[in-house]
Amino acid sequence: MRIVVVGGVAGGMSAAARARRLDETAEIIVFERGDHPSFANCGLPYYVSGEIADRDDLLVQTPESLHAALDLDVRVRHDVIGVDPKAKTVEVRHADGVETVAYDALVLSPGASAIRPPIPGLDSPRVQTLRTVGDAVALAETVRAGARRAVVLGAGFIGLEAAEGLRMRGLLVDVVELAPHVLPPLEDETASLIRDELTRLGITVHDGVAATEIVPGAGSEASGPNETGAGSEAGGPKTDADGDGDVVVLGDGTRIDADVIVLSAGVTPDTKTFADAGVEVDRGAIVVDEHGRTSLDSIWAVGDATVGIDAVTGLRRPVPLAGPANRAGRLVADHLVRPETARPIPHPVGTAIVRVGELTAALTGANRRSLDEAGIEYHTVHLHPGSHAGYFPGAEQIHLLVHLRAGDGLILGAQAVGRDGVDKRIDVLATAIRNQMTGPDLIDLDLAYAPPFGSAKDPVNLAGMIAENVLDGSLKLWYADQLEEEGFFLLDVRSREEYDRDHLDGAYPVPHTQVRERLEEIREAAAGRPIRVHCQSGMRSYLAYRVLSAAGLDVANLSGGLLTLRAALPRKN
């Protein structure tokens, strides 16, 4: 059997390697249009930052190592430009011309290409992408050659990693994001924490606005070191970054000088060749079944170019992440070689993580936007626990939220931001989503505990406890977006000192330890209005909530307290 794989890296190489391990007799050919069939694309921003010093460390495997270890015929700089599904052949273009290669089984892993918005001037030589090893090397060389100002178009995961890497190299960096906030998959209250961290790093954020034009050669003189101390060494190489630079014009009229512009506005499936051959696509992404089969016989597809069914919402969406691509490649090979025992490819949960300065942001499952789009009713719980026992030095606050399906409490999604402990909590919650656990199920998880690592009540356990209280009616929540609603009595149960430092307009102060003794005072002040109680994080106000609720008052507790409210509404409060 001849297996032809189009595209390497995560999905394609995983499929090829697994197929060889299952079938020693198959002829396996991999066509990779680039220079490297297996490289650490997730590591590219860290080469730009200098944290990965050696370019060769990004190369996971080479054609030679793959041939030696797995007897794979890997051909780089070979571009598949056509497919004849009836004849079972592909047309391949390379340095010596075009040839036709027959296949018994074809695995498509073409990946995705950078979206190029219709911005005048986007063809400037100062515009670069960060998708390949060559891109990373070129960007790093531009920095070494004296670039001083960078503009990153797009504040997704790669965009922010690139922005941080360039800032670490001493450049002045502006980030432009059309969506209302950076890291668009995050909720407002988690994204604002990342925006604040970018500001602390010295990165200027322009969110809710688009770049409308790039004016080549219109920048101000940038021949000397900028305020960060960056600049070309005397006698250093000259590049296009020297001279006046470009100007990036934004929709609000802002003009930003740029020696280098990183285009990171998202990706689009690279599938035209295969769609032209009759492969079914949905908004450009290849439609596959539970085993990776396409609409055409003997053709499978995997990776960023495919569309899957979201595990939570049931909506079709692409998931351009390395982990799912690697695992799906393995399962496609299983079905290709041993279809009778092959497991189906699980629907993606979409777990992702990113470092921004001293913070980590991570998410899994659905966010509000996708839940609303799917018409799913849900509750959201917020909490701000420590990464480990508070009495042990070094504990850091984790800002955690969990979405739960109304009614049965099925866990739908989770997000967290913090300096420590974010990754393992989101990994636990991703596992919970995969196993269709409910919020209260989290209470009983037996998680590793010692003071340097966690607490007897882990943040995940605490999320489950809050979820149970909400679902069984022991706790009624109100949210930041309800602050402007009228007819409520705001009750602040923090200490008087905290209240005097800062409080919400119209909030009535009663420390939580005085609620019982001042109950009638609160009742009279509320004058029949529903009470909206709050504190800094939601814990003290929960204690007050229970007292007020037991007294028969109409009361709700602010989810996540003022920490969440001020993160969700940073420009109002």
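The following exercises, each with a worked solution, concern the predicted model shown above.

Residues are numbered from 1 along each chain as its sequence is written, and side-chain values use heavy atoms, with hydrogens and water left out. Local features need pLDDT of at least 70 and side-chain atom pairs count only at pLDDT 80 or more, whereas totals for chains, interfaces and linings use all residues.

**Exercise 1. Salt bridges**

Task: State how many salt bridges the structure holds, and describe the pair Asp-79 and Arg-93.

Solution. 
Step 1. A salt bridge is a side-chain nitrogen of Lys or Arg within 4 Å of a carboxyl oxygen of Asp or Glu. The structure holds 33 salt bridges.
Step 2. One of them joins the side chains of Asp-79 and Arg-93, with an N to O distance of 3.4 Å.
Step 3. Asp-79 belongs to strand β6 (residues 79-84) and Arg-93 to strand β7 (residues 89-94), so this pair ties together parts that are 14 residues apart in sequence. Helices (H or I, at least four residues) and strands (E, at least two) are DSSP runs, numbered from the N terminus.
Step 4. Burial is classed by relative accessible area: buried means under 20%, exposed over 50%, and partly exposed in between (1.4 Å probe, protein chains only). Asp-79 is buried at 19%, while Arg-93 is partly exposed at 42%.
Step 5. Asp-79 and Arg-93 also take part in a network of salt bridges that links them with Arg-33 and Asp-270.

**Exercise 2. Burial of two further pairs**

Solution. 

**Exercise 3. Surface patches**

Task: Which residues form the negative surface patch, and which form the nonpolar patch?

Solution. 
Step 1. Patches are made of residues with over 30% relative accessible area and no salt bridge; like charges are joined within 9 Å, and nonpolar side chains (Val, Leu, Ile, Met, Phe, Trp, Tyr) within 5 Å. Lys and Arg count as positive and Asp and Glu as negative, while His and the chain ends are not counted. The place of a charge is taken as NZ of Lys, CZ of Arg, CG of Asp or CD of Glu.
Step 2. The negative patch consists of Asp-441, Asp-444, Glu-468 and Asp-472.
Step 3. Asp-441 sits in the loop between α10 (422-434) and α11 (459-471) and is partly exposed, at 35%.
Step 4. The nonpolar patch consists of Tyr-391, Phe-392 and Tyr-449, which together have about 350 Å² of accessible area. Accessible areas come from the Shrake-Rupley method with a 1.4 Å probe; for residues, only the protein chains shown count as cover.
Step 5. Tyr-391 lies in the loop between β27 (378-383) and β28 (398-405), where this residue is exposed with a relative accessible area of 62%.

**Exercise 4. Positive phi angles**

Task: Where do Asp-71 and Lys-88 lie, and what is the phi of each?

Solution. 
Step 1. Asp-71 is found in the loop between α3 (63-70) and β5 (73-76). Although not a glycine, Asp-71 has a positive phi of about 55 degrees, and the residue is partly exposed at 40%.
Step 2. Lys-88 occupies the loop between β6 and β7. Lys-88 is not a glycine either, and its phi is positive, about 55 degrees; its relative accessible area of 27% makes Lys-88 partly exposed.

**Exercise 5. Cysteines and distances**

Task: How many disulfides are there, and how far is Leu-201 from Asp-96 and from Pro-452?

Solution. 
Step 1. With a disulfide taken as a pair of cysteine sulfur atoms within 2.5 Å, the count is 0. Cys-42 is partly exposed at 48%, whereas Cys-535 is buried at 1%.
Step 2. Leu-201 is in the loop between α6 (188-200) and β14 (204-207) and is partly exposed, at 21%.
Step 3. Asp-96 is in the loop between β7 and β8 (97-102) and is exposed, at 74%. Asp-96 and Leu-201 are 105 residues apart in sequence, and their C-alpha atoms are 49 Å apart.
Step 4. Leu-201 and Pro-452 are 251 residues apart along the chain, with 28 Å between their C-alpha atoms.
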